[in-house]
Amino acid sequence: MDEVSLNTEPACDDEAEEFEIDGECAMTEYVGQTGNILQGENPLPPAVGMEFDSYDDVYYFYNCYAKQQGFGVRVSNTWYRKSKERYRAKFSCSSAGFKKKTEANRPRPETRTGCPAMIKFRLMDNHRWRIIEMELEHNHLTGPAGGSFCKSRRITDLGSKRPLPIDGSEEVCKIKLFRTLVIDEEGDGGEIRNNIDGGDNKLKLKQGDAREMLDFFTRMQLSSPGFFYVMDINEKGCLRNVFWAETRCRAAYGYFGDVVFFDTKSLTENYEVPLVVFACINHHMQMVPLGCGLVSSQSVESFIWLFRAWLTYMVGRAPQTIITGPCKALQSAVSDVFPRAFHCLSLTNIKEKIASEFDPAFTRVVYRSLRVEEFELAWEDMVKTHGLENHKWLQTLYEDRKRWVPLYLKEVFLAGLFPVKENERLSSPFEEYLSPQTSLKEFLCTYERALLEIEQRETLSDMESTNNSSCALKSRFSFELQLSKLYTNEMFKKFQDEIEVKEDILVEENRRLAREFEVMYNACDSEILCACGLFNFSGYLCRHALSVIKEIGLEETPPRYILARWRKDIGRDYIFNHGCSNNNNNNGDDIDINNPVHRYDNLYKCVVKVVDEGRRSHDRYKFASRSLDEILNKVHVQENCPASSM
């Protein structure tokens, strides 16, 4: 990473970089699809997606808007790369934050109100500055007279102390403003959509869809009190984006959320329902949902809103790795909302875009290259052979190769969510319930059945794995017996595939070629590293590592290579835990006891366990009911006790 923040966003705005500009500012006027902001009335408020030629232009524009609305502007934050180049900034209302407390005898009165109004913007690949987030609402009164005496009204060139001479008619300040365009990923034609105004700023709903959606949310909340949904409304009061999730999603995320797949197939293939799905893979290698959404367009702002809604529902716990389709808008949104997560591009989505006559060569280059130089030469040869030197989409893919080519991802843990074999693919947990022609009403009607079948599939697999305590062994190695007692059936079958195959055979031009992989073993730490990278890709040891274990005479697989996420002997109650660690195995000691929501959720989790055990027999029910009554009486008595006795 070559990007650093010399002043990241602080908890209190007073700690941020702050400077105020002297000079006079012209008001602005929006002209055309791309045009100049000229002196005069400015009817256009800031909007996500607006682009400007320079950092200074963004400041002039926002300051002009501020003058019209009646508030001052200050620079809250600026982020720099190591090269000292600015690449991101935040402008706020002059009433943002609060002043630092001082020991002065006559401190100045507090004038700030913690106002949330602001814009965030960043430098894009096209070398223009784009607004990526904004808040227009203030928590204090504003008016044209209110901003007349603000220091930000006196503007200078941000790079010097020289005032801008804008009073003369021949030197009116002009700012170039660009509307954001979203272009088809292939870059050669495709539909161009304007995301600042027009039809894509709202969901395309049929008659009755809105009522059906509201009925669906009401029904889900009645059947599951933990059901969550949130709606995004545009400036005209129309529904723009929607997100929803049920309680089980948060609990599943606690167990399996280190790697998340964000499915957008419905958008890229123009389904009638613009469904997007957050998903992960459970201990039976089954896709399970972590939340769903409907979006109005494949724009940066829609994805940012959706990611933030999901992150809010997950109590701010971001995944280690997120996998999405190869979409520039998605890449921008992921870098904004999940800056610390590794962003991987779905090889399944990429292969679906490859023409059938080109697929064999593409597959050979991607899956069979073992070294960087080997891949580079093979890719260059493939492009020349098929005359694709000027194919823009392929050029973009090559630039992003470290996000999707298996060769470059061996150090990234992907938990079985990345297809390492040519015939593997990723899919949404709702794939069998949704087709391009399925209407929103039809999907919402089948959604509850889909959830039930997903849960039943997992429960059935749990029972089969528990009852089949010892699957049929295929070798006499003790580590196979060891893992047959720990792994779920599906995971154990995949592990057995590695035991059966003794060498890698590559068939090419009617020749059988054996491939060799380097395996490193550290006896002190019981660490085994193979060049194929299967453990990080899929979460279990490869045939090459197992060969080394056999050779050195290890009786069992080192514990560090038996991941909890694949074990059948771990109880999973799917009740969300607010604890600090990203798992559901803590006992509540690390929750925030000052937070009533955390207290409620942790106690609820404990009581549900009692209920589950109490329902199993008549005697258990009577004992649980009597015990709960006793506990309730003790809690009432405890409430009246002095704090010292607690």
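Which residue stands opposite D232 in β12? I will come to that after a word on the model. This is a predicted model: local features need pLDDT of at least 70, side-chain atom pairs count only at pLDDT 80 or more, and totals for chains, interfaces and linings use all residues. Residues are numbered from 1 along each chain as its sequence is written, and side-chain values use heavy atoms, with hydrogens and water left out.

Back to the question. The residue opposite D232 is N241 in β12. Strand names, like helix names, follow DSSP runs numbered from the N terminus (helices are H or I with at least four residues, strands are E with at least two). Strand β11, residues 228-233, runs antiparallel to β12, and six bridges join them. Two strands pair if DSSP finds at least two bridges between them. The hairpin of β11 and β12 has five residues between the strands, and G237 there takes a positive phi near 85°.

Now β12 itself, residues 239-245. Seven of its seven residues are buried. Buried means under 20% relative accessible area, exposed means over 50%, and partly exposed is in between, using a 1.4 Å probe and protein chains only. β12 also pairs with β15, residues 287-294, in the antiparallel sense over three bridges. V242 has L294 of β15 as its bridge partner.

L294 leads us to P274. The C-alpha atoms of P274 and L294 are separated by 5.4 Å, although the two are 20 residues apart along the chain. P274 belongs to the loop between α4 (265-268) and β14 (275-281). Leaving aside residues up to four places away in sequence, P274 touches L203, S266, L267, G293, L294 and V295; contact here means heavy atoms within 4.5 Å. P274 has 22% relative accessibility, so it counts as partly exposed.

Next, strand β13, residues 259-263. Is it covered on one face or on both faces? Both: V259, F261 and D263 are buried on one side, and V260 and F262 on the other. β13 pairs with β16 (residues 321-324) in the parallel sense over three bridges, and with β14 in the antiparallel sense, also over three bridges. F261 has a partner in each: I323 is its bridge partner in β16, and A279 stands opposite it in β14.

Two loop residues come next. Most residues other than glycine have a negative phi. A415 is not a glycine, yet it has a positive phi of about 50°. A415 is found in the loop between α10 (392-399) and α11 (440-467), and because its relative accessibility is 0%, it counts as buried. S526 also has a positive phi, near 55°. It is in the loop between β20 (519-522) and β21 (527-530). At 27% relative accessibility, S526 therefore counts as partly exposed.

Last, a pair of helices. The axes of α13 (residues 489-500) and α15 (residues 543-552) come within 8 Å and cross at roughly 65°. An axis is a line fitted to C-alpha atoms, for helices over the stretch in contact, and angles run from 0 to 180 degrees between N-to-C directions. The two helices are therefore roughly perpendicular to each other, a term for angles of 65 to 115 degrees. Which residues make the contact? They are F495, E498 and I499 of α13, with R543, L546 and K550 of α15.

Key
Angles under 35 degrees count as roughly parallel, over 145 as roughly antiparallel, 65 to 115 as roughly perpendicular and the rest as oblique.
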